[in-house]
Amino acid sequence: MFFGIFKLKFHYLKISLVQTIINFLMPAIQVKNLVKKFKETTAVDDISFSVEEGECFGLLGPNGAGKTTTINILSTLLKLTSGFASVAGFDVSKYKNEVRRSIGIVFQEPALDSKLTGKENLEFHAMMYGIIPQVRDKRIKELLELVELSEKANTLVRNYSGGMKRRLEIARGLIQKPKVLFLDEPTLGLDSQTRRLIWDYIKRLNKEHNVTIILTTHYMEEADYLCDRIGIIDHGKLLVLDTPENLKKTAQVSTLDEVFIHFIGATIRNIEEREKIW
Ligand SMILES: Nc1ncnc2c1ncn2[C@@H]1O[C@H](COP(=O)(O)OP(=O)(O)O)[C@@H](O)[C@H]1O
Ligand SMILES: [Mg+2]
């Protein structure tokens with residue numbers, strides 16, 4: 001009996017040791033030949049890329065390109081059809097809980113409870129993550145300060161502006177101190193001043209707090225300002241992947257807008273496809 005428990009413990013120790021070494025050696029995100037099919041639609045079509053720890057990586061592409069689907073697979077919300085993906089060293093198909101514990105996510109669609117205050121939203125989220133009250137209160141205070149919402153902490157979210165909601169969502173995504181933060185269209189629909197403010201938080205998180213960031217956007221200036229490297233995807237395929245500077249050099253243009261047109265083309269997509277939001 002005693003030896004049985006000892007053997008079991010040793011077995012888990014061995015696994016966690018091996019996993020620690022794997023985590024240390026693997027990039028923050030690894031994607032190999034990733035495919036996701038929804039019946040007749042191939043939303044992600046054989047994509048491969050990796051993201052190093054501390055990097056800010058951008059997935060750029062028009063609506064319907066496959067950005068959200070990729071993020072949803074990496075954050076374990078969707079099952080992949082084939083291929084491989086790992087986050088923080090954990091295979092997303094095998095270690096869902098470990099992946100979830102390592103990440104924060106800010107969804108494309110707002111996901112706050114408007115009947116609660118900003119602080120209550122964060123408290124609820126912290127409870128879901130099992131963060132003990134002593135740690136929780138301090139962390140919530142720090143996060144509200146980070147996104148400059150301390151004064152609005154006790155205001156109902158229904159009375160927040162779009163920019164304030166977005167900032168609160170970023171704070172919420174950071175509650176469990178994630179190694180990797182996913183931001184799906186973080187500034188969609190915001191005015192340019194608020195967008196700048198959000199860019200500054202993202203930059204600070206990435207450069208000062210060393211959070212690995214993967215963001216999707218279809219705003220070129222956003223990707224140019226924030227991302228160390230950018231992958232442009234369309235129709236589920238990764239067309240090109242490089243630093244913003246190298247992309248401009250390759251396309252022989254001076255702005256990312258022109259890079260985008262160079263790789264994607266200037267034709268406006270079929271309107272139903274553009275307006276379809278899942
Ligand atoms: N749950 C779903 N069921 C069926 N098709 C979907 C679903 N989610 C996304 N799609 C399709 O997959 C493609 C990629 O969508 P998405 O990843 O949301 O693109 P993006 O985020 O780049 O705008 C689109 O053609 C979309 O219509
Ligand atoms: Mg999307």
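1. Ligand shell. Helix 2 contributes the most to the shell around ligand 1, giving three residues. Helices (H or I, at least four residues) and strands (E, at least two) are DSSP runs, numbered from the N terminus. The elements that give two or more residues to this shell are strand 2 and helix 2 (67-74). Of the 13 residues around ligand 1, F38, A43, K67, T68 and T69 come nearest. A residue is near a molecule or strand if its C-beta atom, placed from the backbone, lies within 6 Å of it. By class, the shell around ligand 1 has four nonpolar, seven polar and two charged residues. Here Ala, Val, Leu, Ile, Met, Phe, Trp, Tyr, Cys and Pro count as nonpolar, Asp, Glu, Lys and Arg as charged, and the others, Gly among them, as polar.

2. Basis of the note. This is a predicted model: local features need pLDDT of at least 70, side-chain atom pairs count only at pLDDT 80 or more, and totals for chains, interfaces and linings use all residues. Residues are numbered from 1 along each chain as its sequence is written, while chains are lettered from A and ligands numbered from 1 in the order in which they are written.

3. Overall content. The protein chain has eleven helices and ten strands. Buried residues account for 37% of its 278 residues. A residue is buried if 20 or more other C-beta atoms lie within 10 Å of its own, exposed if 12 or fewer, and partly exposed in between, with C-beta atoms placed from the backbone. Of the contacts between residues at least 6 apart in sequence, 66% join residues at least 24 apart. Two residues are in contact if their C-beta atoms, placed from the backbone, lie within 7 Å.

4. Helix 2. Eight of the eight residues of helix 2 are buried, so the rest of the structure largely encloses it. The buried residues include K67, T68 and T69. T76 follows helix 2 and has a positive phi, near 70°.

5. Two strands pair if DSSP finds at least two bridges between them. Strand 1 (residues 29-38) and strand 4 (residues 82-87) run antiparallel and are joined by five bridges. V35 has S82 as its bridge partner in strand 4, and K32 has F84.

6. A88 lies in the loop between strand 4 and strand 5. Its phi is near 55°, a positive value in a residue other than glycine. Is A88 buried or exposed? A88 is buried, with 20 other C-beta atoms within 10 Å.

7. A second hairpin. Strand 9 (residues 229-234) and strand 10 (residues 237-242) pair in the antiparallel sense over five bridges. I233 stands opposite L238 in strand 10. Two residues lie between the strands of this hairpin, and H235 takes a positive phi near 50°.

8. Helix 6. Helix 6 (residues 162-173) has twelve residues and reaches 17 Å from its first C-alpha to its last, close to the 16 Å expected at 1.5 Å a residue. The expected span is 1.5 Å times one less than the number of residues. Nine of its twelve residues are buried, among them L168, I170 and A171. The cover over the buried residues of helix 6 includes strand 6 (103-106), helix 4 (118-128), helix 5 (133-146), strand 7 (180-184) and helix 7 (192-207).

9. The E185 loop. E185 sits in the loop between strand 7 and helix 7. Phi of E185 is near 50°, again positive in a residue other than glycine. E185 is buried, with 21 other C-beta atoms within 10 Å.

10. Core. The largest nonpolar core has 63 residues, and V87, V180, F182, I213 and I214 have the most contacts inside it. A nonpolar core is a set of buried Ala, Val, Leu, Ile, Met, Phe, Trp, Tyr and Cys residues joined through C-beta atoms within 7 Å. Leaving aside neighbours within four places in sequence, I213 is in contact with C56, F57, L181, L183, I202, L205 and N206.

11. An exposed loop residue. Q252 lies in the loop between helix 9 (244-251) and helix 10 (256-264). Q252 is exposed, with 9 other C-beta atoms within 10 Å. The C-alpha atoms of Q252 and H262 are separated by 9.3 Å.
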